[in-house]
Amino acid sequence: MKSMLILTDLSEAAFRAAEYACELTGFLQIERIVLCHAYQTIVATTDLPVFPEKTDPQIYLESMEALGLMHDRLKPMVGQAVKIDLLAIDAVLPEMINQQCRELDIDMVVMGVSGKSGLEKLLMGSSTGRILETSEFPVLIVPKEALIGRKMQTIVFTTDLKDIAAIPVDQLYSFLDAFRSDICVVNVETPAEQEKYSPETKEVIAGLHHLLEKYHTSFYYLEGNDTVESILVFANDRKASLIITVPKAHSFFSAIFHKSISKKLAYNSSIPLLSLPASQ
């Protein structure tokens, strides 16, 4: 990977995500970071647009100034080899994330989510969830509790055993090769579902074993009625450094998982979450 897009709302929680991302640049061989702040000069809160008191040039200049301060704090963490570009745009980013990534030649997206209070979930969760749903690029969600400077020891890879063909193998391998961590493949089923593994499901399980045979991988098939809680309890018990998902409606993850569980993991996990776009 060469380029990383770090989305920021200029808050300390967003800076925490950027700080965490900078720690990964060496592992991922990142050569360029784009710090991006998306603002809106027209806010559609009612049927009629609401215009802010400040003009677009004022907002742009203030945004670039704030990004410049953020640049100065982050630059010592990556050294001279990594270039940091600044981008302030008047845009609704979730709807433009793929266009921006293509235009900027981005390989992965990083963003923070505080997601503890109901208001934070409403304001930040909406954008986070939509980016998870629409992004055609890997998205790393970094909670403000994420530990920085900690060795990447254990990765939890979650699956619902529906469609192994949806796993973006090359992207998955690129991250696993970079981090060289122990891998725990975790599937959570209700007790009734676990008793009824079909021949197709057993074939997927065999495929996963083959897919990850070159890594130090352990497989866990858990019983639980709350998938998110089961994954998080398992990840915390193993002191996992990263959770990887492949959210895709009607494919690797079911529509329910796509719309609910990935977002709940992002809101509630104290462990960074890496969402990989499913193969078509």
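**Helix α2 and the rest of the fold**

Analyst: In this predicted model, the buried residues of α2 are I59, S63, L67, M70, L74, K75 and V78, where buried means under 20% relative accessible area, exposed over 50%, and partly exposed in between, with a 1.4 Å probe and protein chains only. Helices (H or I, at least four residues) and strands (E, at least two) are DSSP runs, numbered from the N terminus. Because the model is predicted, local features need pLDDT of at least 70 and side-chain atom pairs count only at pLDDT 80 or more, while totals for chains, interfaces and linings use all residues. Residues are numbered from 1 along each chain as its sequence is written, and side-chain values use heavy atoms, with hydrogens and water left out.

User: Against which elements do the buried residues of α2 pack?

Analyst: Contact is taken as heavy atoms within 4.5 Å. By that criterion, the buried residues of α2, among them L67 and M70, pack against α1 (12-28), β2 (32-39) and β3 (83-90).

User: At which residue of α2 does a kink lie?

Analyst: Helix α2 covers residues 56-78, and its 23 residues reach 32 Å from the first C-alpha to the last, close to the 33 Å expected at 1.5 Å a residue; the expected span is 1.5 Å times one less than the number of residues. The bend at a residue is the angle between axes fitted to the seven residues ending there and the seven starting there. Shortly before the proline P76, α2 has a kink of about 30 degrees, and this kink lies at D72.

User: How many residues of α1 are buried?

Analyst: The buried positions of α1 include A13, F15, E19, C22 and L28, and they pack against β1, β2, α2, β4 (108-113), β5 (139-143) and α5. The helix is mostly covered, and the count of buried residues, out of 17, is 12.

User: What is the relative accessible area of Q29?

Analyst: Q29 lies in the loop between α1 and β2, and its phi is near 55 degrees, a positive value in a residue other than glycine. Q29 counts as exposed, and its relative accessible area is 54%.

User: In which loop is R180 found?

Analyst: R180 is not a glycine, yet it has a positive phi of about 50 degrees. At 73% relative accessibility R180 counts as exposed, and it is found in the loop between α5 (169-179) and β7 (182-189).

User: Is M4 buried or exposed?

Analyst: M4 has its place in strand β1 (residues 3-7), and, leaving aside neighbours within four places in sequence, it is in contact with residues including A21, L28, I33, I106 and V110. M4 and L104 are 100 residues apart in sequence and 9.5 Å apart in space, C-alpha to C-alpha. Because its relative accessibility is 0%, M4 counts as buried.

User: How many disulfides does the structure hold?

Analyst: A disulfide is a pair of cysteine sulfur atoms within 2.5 Å. C184 counts as buried at 7% relative accessibility, and the number of disulfides in the structure is zero.

User: What share of the protein's residues counts as buried?

Analyst: The protein has nine helices and 10 strands. Of its contacts with a separation of 6 or more, 82% are accounted for by residues 24 or more positions apart. Of the 280 residues of the protein, the share that counts as buried is 50%.
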